[in-house]
Amino acid sequence: MMNGQRQGIVVWLTSLKFARQLRRFGNVHYVSKKMKYVVFYCNQENIDETMEKLKGFHFVREVKPSMRPFIKTDYQNAKPDKAKEYDYKMGI
């Protein structure tokens, strides 16, 4: 079981028969048979080391990290909802 912050890595492969070997680097989340890629999660502390190891394999085409941990997910609604506007006016 992994503790701490996790980050996703997407690995494009030359053949899917090598997808099982990626399990030793982290938790495999999804394998696309049609597009030949694997999405897996590993500790955020080890992300650079893991990506360098993966790039060294002959069956790996491309490796990209997920940017989700760095994207702000607190959203503000710029336009107020019309239904809520009417509810506030009812109290006056």
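Is Thr50 buried or exposed? In this predicted model, Thr50 is buried, because its relative accessible area is 8%, and a residue counts as buried when that value is under 20%.

**View 1. Thr50 and the residues that it touches.** Thr50 has its place in helix H1, and its relative accessible area of 8% makes it a buried residue. When its neighbours within four places in sequence are left aside, the residues in contact with Thr50 are Ile9, Phe25, Phe40 and Cys42.

**View 2. The buried side of helix H1.** Helix H1 runs over residues 47-55, and its buried residues are Ile47, Thr50, Met51 and Leu54. These four lie on the same side of H1, because they cover an arc of only 100 degrees around the axis. Among the elements that cover the buried residues of H1 are strand E1 (6-13), strand E3 (37-43) and strand E4.

**View 3. The opposite face of helix H1.** On the face of H1 that is turned away from its buried side, the reader will find Asp48, Glu49, Glu52 and Lys53, which are exposed residues.

**View 4. A nonpolar patch on the surface.** Met67 is found in the loop between strand E4 (60-65) and helix H2 (82-90). Met67 counts as partly exposed because its relative accessibility is 44%, a value that falls in between the limits of under 20% for buried and over 50% for exposed.

Conventions:
Residues are numbered from 1 along each chain as its sequence is written. This is a predicted model: local features need pLDDT of at least 70, side-chain atom pairs count only at pLDDT 80 or more; totals for chains, interfaces and linings use all residues. Side-chain values use heavy atoms; hydrogens and water are left out. Patches are made of residues with over 30% relative accessible area and no salt bridge: like charges are joined within 9 Å, nonpolar side chains (Val, Leu, Ile, Met, Phe, Trp, Tyr) within 5 Å. Accessible areas come from the Shrake-Rupley method with a 1.4 Å probe; for residues, only the protein chains shown count as cover. A salt bridge is a side-chain nitrogen of Lys or Arg within 4 Å of a carboxyl oxygen of Asp or Glu. Helices (H or I, at least four residues) and strands (E, at least two) are DSSP runs, numbered from the N terminus. Buried means under 20% relative accessible area, exposed over 50%, partly exposed in between (1.4 Å probe, protein chains only). The arc is that of the directions from the helix axis to the C-beta atoms. Contact means heavy atoms within 4.5 Å.
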